[in-house]
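Let us read a structure together.

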Amino acid sequence: MNIEILLVAIFTSISCSIIGVFLVLRKMSMLTDAISHTALLGIVIAYMFIPDLSSPFLIIGATIMGLITVYLVELLVKTKRTNNDAATGVVFPFLFAISIILINTLFKNTHLDIDAVLLGKIEFVVFDRLILFGMDIGPKSLYIILFITILLITMSTLFYKEIKLVIFDKSLAVTLGISVTFIHYMIITGASLTAVAAFDIVGSILVIALMVGPAATALQYSKSLFRTLLIAVAIGIFNSSLGYFLAYTFNLSISGSISTITLLSFLVAMITAPSKGIISTIMRQHKQKNDFNLLALLFHIYNHSYITEHMKPIPYELLSVELKWSESKFTSVFTNAVKNEYLKNKDKNLQLTKDGLDFVRNKHYKYFKEEIE
Amino acid sequence: MSDFISINYTLIIVVLGTMILGISAGAIGTISILRRQALIGDALSHATLPGVVLAFILTGQKDIWVLLCGAAIAAVVSVSLIALIQKYTKIKNDASLALILSGFFGFGQVLLVFVQRSGNASQAGLNKFIFGQAATILRADVLFLGIVSLLIILLMLLFWKEIKHFVFNKEHFQTLGFSSILLNTLILSLTILVVVIGIRSVGVILMSALMISPGVASRQWSDKLSVNVILASLFGLISGALGAYISAIKASLPTGPVVVIVLSIIVIISLFFSPKRGIIYQARRNSTYKKTLIKYKPLVHIYSGNDLSILTSTELDFLVKENLIEGKDDIIKITTDGTQLLKYLLGGIL
Amino acid sequence: METAIHIEDLTVAYGINPVLWDIDLDIPQGILLAIVGPNGAGKSTLIKSAINLIKPISGHVLFYSHKYENIRKQIAYVPQRGSVDWDFPTTVIDVVTMGTYGKLGWFKRPTKKNIKNSIEALKKVDMEKYANRQISELSGGQQQRVFLARALVQDANIYFMDEPFQGVDIKTEKAIITLLKDLKKQNKTVVVVHHDLDTVEDYFDWVTLLNMKVIAHGPVAEVFTHENIKKTYNSNALVKLRDDSNV
């Protein structure tokens, strides 16, 4: 295993996860797709002026192009002629197509390699070293992505409450005097910068996985924004480590392996997450159905004996007739009620116990949000 | 003319193929946009990669039918997963699309390594998948494209009434006893079909543009769904033909990007210059309205029956001079011209 | 009575469709005011343009003779419940504490005292049991009460509420109305966009009947008449006015 590649992968994941949470919550997931593609045009244009592939101006050019992309999409949406999705789908292929044509006509023989743009070159990051005072201190990409990670952590710490407010309730933010535009473009700049640095490493399509995957997975577990961020970062680290390990062991594409793991870990969370996962949802629905049946049965007795008949018990036969359930259903719900000691069965005359009464009151409030006496 | 055809036989084939693709992509894309699922084409086209590669690994054939089948299967799996995520989580639609798109593509990339290791294909194959290469379209392909497109258009015509109703109001559609699931499946199947046949010509990334841009452009010209679909098909046809033609005569230009640029120019023209809806027309109309409104506020004031004492004599003189009101024996009356102006200011409510 | 809100000459249009026409209103301090009118009458637009969420074509709004920007902290706004995403990962107490962010300023974190205030506010709307719940688990009425609690911690003098009674249960409706009366007792001014004509007389002491323009404005007992209501709910209220245009 190459520890440097692993570190690059991990820090790419961390920065993508942080910005990804904000983007997913702002419903801008597909914008990552757009930005990571159009950044290429920024690089191409910057390259026309400064033909040096390692120049930092290329990153700046790409970041600006990311901002332009978002701005153009918003402009289209503002005209009310198109919705957000369609606007994204119009703008980014256009800018991307321009960059492909420029590369194909102007830079055919240079090192602007489209494959590398789309698929990344994490395998080769170790060959591009940062030399400081004649000393080799590690791969350049590691320092770039480390810098961006620190920048994002600083940004989300300093502006945590503003970011939260702007994403959750824009109108409150406006009335409280917080500049929505500033926060919005700060997030977009962060996203753009991260996408640019990350696509150089894992490729433009897999940036999307690194940004959206951990965020979507974390949302299955968490009930606060802060925890969502922490869990997303942890999941990002896990995905990239496991992805790299598998790629190394079986000699696979590293970025491909990481994004496959990212999708898988989301699917696992979707199925197994406590309270929000599919399994617990189905179990809850099942329990709810049982609850409802039980409530219907007990509520019937409740109505009968507490309101209409002044504590008078209800005969078993009458209940079974009045509920109009199938016999098997009635028997099973009835047995369940007796087993839980919710009702007393005295010579086939039925009456609620104290537990039964509590059950009716609690569940009725829980499901109908209405209190009964 | 016949001379031209014989010389440019391949060119004709290529242009024809891309043209046909443009028609069906434009038509089904318009429906996707109206269903607010514009980017589904983007997600699906990326998600087909593992299907294509797996089909190749399993059969060892580069036959187009085999690869397309693989692509279609992967697309079906990804659509089902998206539906599952929608049903069971609170993840928003765009996030689930992004997740499936990138996850599947990454998996395809992993599988590609196996292909490369067996020395069977190079990255060039993937490159074609991503950008498309219309120049390699053969006569048999055009036939195939034609048949599939015809099938798509026929199905759309056959279910036109239902599709229209379904897109417009899903709930009401269901109450009439139609199956929403069936129609949803139909529309998605048509989408998958277009995506799968389109990838080969214009490639993965730009497939989405071929589905979205014609719909967005056509929307600027009409409110009628049928007109929208026909116009979108026409735009798809024009850009497909033009794009393929340009890219075929200049070999350095890949088809997909050229088609997309032609399309984007159509979108830009439509957005800015279409009458009644175009950005320029609307901006001018709105600013004229605003200016007129501010200029003639005193008239509105009189009309609304508000307290007249706050109006200055300059304002009243101005209105009289413009022949909007007339004063007779201390009674102010709005003239016909004034009523006309008010009608405009009130947005036609009067 | 001191004038809390002064609206003058306010005209708003979306594109070339006018929404509000030449609105002149003076709203005195310490009243509960309902803004009533049919759908599309511009009720929400009126309060949104008062607090600069929408830019009017002409006219201006003053609060105690100050522009909104200079007196922002004394004004709280409760948006429609549907305007936010309730799946957002946050808790009830956190949403309520957001009301303090304006006074905190940039970079500062909410203090223990802020949290305590938030809990107090939650108690007032009978939601303190739910403080640590995730907001997606709340019913519609509970969501509305959380929004109200959030407005309370803003500790404002003027409250704008957009349809707070929309789709809530009886318990919430009662809780909201108790709260409104409480605010009035503290001499605060409350402006509520309201839908239900039947409850106007019970809940509010002033009413503005609005349909693109102000049809009537004043104490409920004086202006909430059958004739005025009819005038307001006539879809072409402005056309009706033509008879009056000959002065």
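This is a predicted model: local features need pLDDT of at least 70, side-chain atom pairs count only at pLDDT 80 or more; totals for chains, interfaces and linings use all residues.

Student: Which helix of chain B has the highest confidence?
Tutor: Start with the whole chain. Chain B has a mean pLDDT of 82, and 87% of its residues reach 70 or more. Confidence is lowest in helix 1 (residues 2-7) of chain B, at a mean of 48. At the other end, with a mean of 90, is helix 14 (residues 255-273) of chain B.

Student: How many helices and strands does chain A have?
Tutor: Count each kind of element separately. Chain A has 5 strands. Its helices number 16.

Student: What radius of gyration does chain A have, beside that of a compact globule?
Tutor: Take the box first. Along the principal axes, the C-alpha atoms of chain A fill roughly 95 × 50 × 35 Å. A compact globule of 373 residues would have a radius of gyration near 21 Å. For chain A the value is 29 Å.

Student: What share of the residues in chain A is buried?
Tutor: Buried means under 20% relative accessible area. Chain A still exposes about 16,200 Å², with carbon and sulfur atoms supplying 66% of that area. Of its 373 residues, the buried share is 57%.

Student: How far apart are the mean positions of the positive and negative charges of chain A?
Tutor: Two groups are compared. Chain A has 30 positive and 25 negative charges. Their mean positions are apart by 5 Å.

Student: Is C:Asp9 buried, partly exposed or exposed?
Tutor: C:Asp9 lies in strand 1 (residues 3-14) of chain C, and its phi is positive, about 65°, although it is not a glycine. Most residues other than glycine have a negative phi. Because its relative accessibility is 28%, C:Asp9 counts as partly exposed.

Student: Is C:Tyr64 buried or exposed?
Tutor: C:Tyr64 sits in the loop between strand 4 (58-63) and helix 2 (68-71) of chain C. It is not a glycine, yet it has a positive phi of about 45°. Its relative accessibility is 16%, so C:Tyr64 counts as buried.

Technical notes
Residues are numbered from 1 along each chain as its sequence is written. Chains are lettered from A and ligands numbered from 1 in the order in which they are written. Side-chain values use heavy atoms; hydrogens and water are left out. pLDDT is the predictor's confidence in each residue, from 0 to 100. Helices (H or I, at least four residues) and strands (E, at least two) are DSSP runs, numbered from the N terminus. The radius of gyration is taken over C-alpha atoms; the globule rule is 2.2 Å times the number of residues to the power 0.38. Buried means under 20% relative accessible area, exposed over 50%, partly exposed in between (1.4 Å probe, protein chains only). Accessible areas come from the Shrake-Rupley method with a 1.4 Å probe; for residues, only the protein chains shown count as cover. Lys and Arg count as positive and Asp and Glu as negative; His and the chain ends are not counted. The place of a charge is taken as NZ of Lys, CZ of Arg, CG of Asp or CD of Glu.
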